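Dear colleague,

Please find below the structure for your review. A summary of the findings follows it.

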Amino acid sequence: QQQQQQQQQQQGGEEERKEGNVREVQEANKASWFLDAIDMISSTGRHEDVKDFVKNKLLENDTYRQQTTVNASSMANRFRNLHGLKVVLTEALDGIERSRAKAMNKLQELTQACANPSPAFVEQAGSCHRCRSELGVRGRLCEHCKLDELQVGWEVNLFALYSRALTAGGQVSAEDAARRAHANNLQRVGQGGLGEEEGQDAGAIASSDGRRGEKVTETNIVWHPSEAEQVLRMLAAQFRALLGGGGRRGPGGSGSGTAGAPARVEAVLQCAKEHLGQMEAQRKLFAQARALSLTQRMLLYAHDELDMAVTRMRLRVEGEHVQPHEEHFKLHPAEVPVKQRELSDEMAVAKADLRRTLGTLRYLRSLQDKHKRAAGQQQPQGPAAPSGVAA
């Protein structure tokens with residue numbers, strides 16, 4: 001019987017693994033719908049029109065700006081045809097998924113650690129040099145600051161990134177713009193050993209002859225859909241117009257729709273709808289993950305404050321480096337008599353204040369009891385009998 005149970009458990013485990021693999025394949029197929037869509041659009045002969053439509057849409061905001069303020073890292077500068085767009089989109093979506101997985105895995109680890117934080121974990125959070133600069137120990141970095149780095153990497157990939165080149169018309173690679181934006185965001189929470197200095201010169205671009213060329217002078221992350229998501233929505237709309245029967249006019253204005261959509265077209269449109277829904281949900285997930293990490297950080301700070309509230313005074317160890325906030329409970333031997341006199345005086349004053357407060361409390365309670373007794377005596381015992389009525 002035991003052997004049969006073990007065999008059944010093994011079979012059940014294999015079935016669960018198979019189901020998990022099937023689900024992963026299905027999710028991967030949904031996320032790669034745009035590859036089939038581009039192939040099918042190319043088969044209609046309208047690929048150049050769709051390519052021009054996507055480029056113009058990505059660059060239409062720049063037509064209202066000066067040449068020096070255009071988005072130098074726009075995706076429109078990185079492809080020449082729809083086949084090149086395949087590669088650019090795949091790289092962008094892979095970057096979003098990698099950064100999301102790293103940040104969420106780290107957040108799940110910290111969620112488990114914060115459920116019952118150990119003293120060492122609390123001490124690390126309370127003495128972090130980056131987020132607790134006034135109380136931190138130089139060179140010490142907490143786990144939530146490491147999570148900040150992963151979340152910033154996720155934010156750079158997930159939302160719209162705009163950059164500006166030093167020279168008019170200069171172009172910036174996506175990697176350089178992302179590194180500069182990453183470094184700028186990390187500097188908002190202070191220096192702390194996470195490699196912020198690496199982003200200081202991340203905007204430098206090598207020109208075609210190998211010399212140092214333009215630099216990224218400005219980057220800005222806007223909580224709008226990323227260019228990758230915008231392109232996916234454009235492709236879905238154009239695919240529906242050309243092949244889905246949802247419209248009769250392509251990007252150039254001429255009709256090329258079909259009367260009825262085949263099963264493959266319907267499957268691609270359904271995958272596109274689900275994928276775009278997942279992209280929108282991921283942006284909401286980012287905001288919730290950021291809020292959860294902040295709440296966890298505040299919880300650890302509260303634990304650290306409780307630990308500090310019961311800290312005992314002690315003598316300094318010979319050669320021990322004492323932080324300014326530790327001077328009150330890590331004493332030099334010569335300071336003990338002075339500190340003892342100060343604490344004795346404080347205790348005497350506190351006892352006098354306590355006696356005075358307790359006297360006031362006793363007086364107020366006696367007044368309260370007196371009012372209660374007076375109110376009880378004034379209450380009528382019962383209705384009075386009318387005059388002239390015999391008993």
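Is Glu274 buried, partly exposed or exposed? The model is a predicted one, and in it Glu274 has a relative accessible area of 26%. Since buried requires under 20% and exposed over 50%, Glu274 is therefore classed as partly exposed. This residue is found in helix H9. Glu274 and Ala31 are separated by 243 residues in sequence, yet their C-alpha atoms lie 8.6 Å apart in space.

Helix H9, comprising residues 263-309, packs with helix H2, comprising residues 33-43. The angle between the two is about 135°, and their axes are 9 Å apart. That angle makes H2 oblique to H9. The crossing of H2 and H9 is left-handed. On the H2 side, the contact is made by Trp33, Asp36, Ala37 and Met40; on the H9 side, Arg264, Val265, Val268, Cys271, Ala272 and His275 take part. By class, the residues of this contact comprise seven nonpolar, one polar and two charged.

Helix H8 was examined for its length and its burial. With 17 residues (227-243) at 1.5 Å a residue, H8 should span 24 Å. Its end C-alpha atoms are 24 Å apart, which agrees with that expectation. Of the 17 residues of H8, 13 are buried, so this helix is largely enclosed by the rest of the structure.

Yours sincerely

Methods:
Residues numbered from 1 in each chain as written. Predicted model: local features only at pLDDT ≥ 70, side-chain atom pairs only at ≥ 80, totals over all residues. Heavy atoms only, no water. Axes fitted to C-alpha atoms, helices over the stretch in contact; angles between N-to-C directions. Helix = DSSP H or I, 4+ residues; strand = E, 2+ residues; numbered from the N terminus. Parallel < 35°, antiparallel > 145°, perpendicular 65-115°, else oblique. Left-handed = near helix turned anticlockwise from the far one by under 90°. Contact = heavy atoms within 4.5 Å. Nonpolar A, V, L, I, M, F, W, Y, C, P; charged D, E, K, R; others polar. Expected span 1.5 Å × (residues − 1). Buried < 20%, exposed > 50% of the residue type's maximum accessible area, 1.4 Å probe, protein only.
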